[in-house]
Amino acid sequence: MKTFTLNVNGQTRQAEAADDTPLLWVLRDHLDLVGTKFGCGMALCGACTVHVDGQAVRACVLPVSQVGDKKVTTIEGLAQDGKLTALQKAWCDHDVAQCGYCQAGQIMCATALLAEKPKPTDAEIDAAMSGNLCRCATYTRIRQAIHTAAAQ
């Protein structure tokens, strides 16, 4: 075991883990940030999406030893002072969530998309979100929420 010092949601956090422990398990099991979900464990479904230096990454396959001093943002780190982001508010306004399991990963991926492309087209949304699976198939509402947030 090794002690890793991580910048998570703007705070310095420490966790003891093996070098190959996926970031997902460090977040959930060591830092009690359980908003990030385990889905497939193979980076195929996107449920575990977090940001590392602003880029959407799959935490289930990213070894904690590769994070270094990069900034990690989880779903818990998006809202500031209890105020939802425009995207989170749009997510609520469009009732995107059904079972909710994939939603944290969906929102993290959509947030990264809007940071890169503030006014994405339908095709750009579909391409960016294609790796995040929703078993409730709320894809139409996801797209609507992204457009609503982009309009603000």
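Modeller: A term is needed at the outset: helices, in the sense used here, are DSSP runs of at least four residues, numbered from the N terminus. The model under discussion is a predicted one.

Biologist: Which residue just after α1 takes a positive phi?

Modeller: Most residues other than glycine have a negative phi. Just after α1, a positive phi of about 55 degrees is found. The residue that takes this value is Asp32.

Biologist: Which residues of α1 are buried?

Modeller: A residue counts as buried when its relative accessible area is under 20%. The cover over such residues of α1 includes β1 (2-8), β2 (11-17), β3 and β5 (71-73). The buried residues of α1 are Leu23, Leu24, Val26 and Leu27.

Biologist: Is Thr21 buried or exposed?

Modeller: Thr21 is placed in the loop between β2 and α1. Leaving aside residues up to four places away in sequence, Thr21 touches Val26, Leu62, Pro63 and Val64. Its relative accessible area is 16%, and the limit for burial is under 20%. Thr21 is therefore buried.

Biologist: How is the aromatic pair of Trp25 and Phe38 classed?

Modeller: The structure holds one aromatic pair. Trp25 and Phe38 form this pair at 5.3 Å centre to centre, with 35 degrees between the planes. Planes under 30 degrees apart would count as stacked and those over 60 as edge-to-face, so the remaining class applies. The pair of Trp25 and Phe38 is tilted.

Biologist: How many residues apart are Trp25 and Phe38?

Modeller: Trp25 belongs to helix α1 (residues 23-30), whereas Phe38 lies in the loop between α1 and β3 (49-52). The pair thus links distant parts of the chain. Trp25 and Phe38 are 13 residues apart.

Biologist: What is the relative accessibility of Phe38?

Modeller: Trp25, the partner in the pair, is partly exposed, with a relative accessible area of 29%. Phe38 likewise counts as partly exposed. The relative accessibility of Phe38 is 34%.

Biologist: What is the separation of the C-alpha atoms of Arg58 and Ala43?

Modeller: Arg58 lies in strand β4 and is buried, with a relative accessible area of 17%. Ala43 is placed in the loop between α1 and β3 and is one of the residues that Arg58 touches, the others being Gly46, Cys48, Thr49, Gly131 and Asn132, not counting residues up to four places away in sequence. Along the chain, Arg58 and Ala43 are 15 residues apart. Their C-alpha atoms are separated by 5.5 Å.

Biologist: Near what value is the phi of Asp53?

Modeller: Asp53 is found in the loop between β3 and β4 (55-58), and at 46% relative accessibility counts as partly exposed. Its phi is positive, in a residue other than glycine. The value is near 50 degrees.

Biologist: Why do α3 and α4 count as oblique to each other?

Modeller: The axes of helix α3 (residues 103-116) and helix α4 (residues 122-129) come within 10 Å. Angles from 65 to 115 degrees count as roughly perpendicular and those over 145 as roughly antiparallel, so an angle between these ranges is oblique. The two helices are oblique because their axes cross at roughly 130 degrees.

Biologist: Which residues of α4 meet α3?

Modeller: On the side of α3, the contact uses Gln106, Cys109, Ala110 and Leu113. The residues of this contact divide into six nonpolar, one polar and one charged. Those of α4 are Glu124, Ile125, Ala128 and Met129.

Biologist: How many charged residues has the contact of α4 with α5?

Modeller: Here Asp122, Ile125, Asp126 and Met129 in α4 meet Ile142, Arg143, Ile146 and His147 in α5. By class, four residues of the contact are nonpolar and one is polar. The number of charged residues is three.

Biologist: What is the handedness of the crossing where α2 passes α5?

Modeller: Helix α2 (residues 86-93) and α5 pack at an angle of about 135 degrees, with their axes 8 Å apart. That makes α2 oblique to α5. Ala86, Leu87, Ala90 and Trp91 of α2 make the contact with Ile142, Ala145, Ile146, Thr148 and Ala149 of α5. The crossing is right-handed.

Key. Residues are numbered from 1 along each chain as its sequence is written. This is a predicted model: local features need pLDDT of at least 70, side-chain atom pairs count only at pLDDT 80 or more; totals for chains, interfaces and linings use all residues. Side-chain values use heavy atoms; hydrogens and water are left out. Rings of Phe, Tyr and Trp (its six-membered ring) pair if their centres lie within 6.5 Å; planes under 30 degrees apart count as stacked, over 60 as edge-to-face and the rest as tilted. Buried means under 20% relative accessible area, exposed over 50%, partly exposed in between (1.4 Å probe, protein chains only). Axes are lines fitted to C-alpha atoms, for helices over the stretch in contact, and angles run from 0 to 180 degrees between N-to-C directions. Angles under 35 degrees count as roughly parallel, over 145 as roughly antiparallel, 65 to 115 as roughly perpendicular and the rest as oblique. Contact means heavy atoms within 4.5 Å. Ala, Val, Leu, Ile, Met, Phe, Trp, Tyr, Cys and Pro count as nonpolar, Asp, Glu, Lys and Arg as charged, and the others, Gly among them, as polar. A crossing is left-handed if the near helix is turned anticlockwise from the far one by less than a right angle, and right-handed if clockwise.
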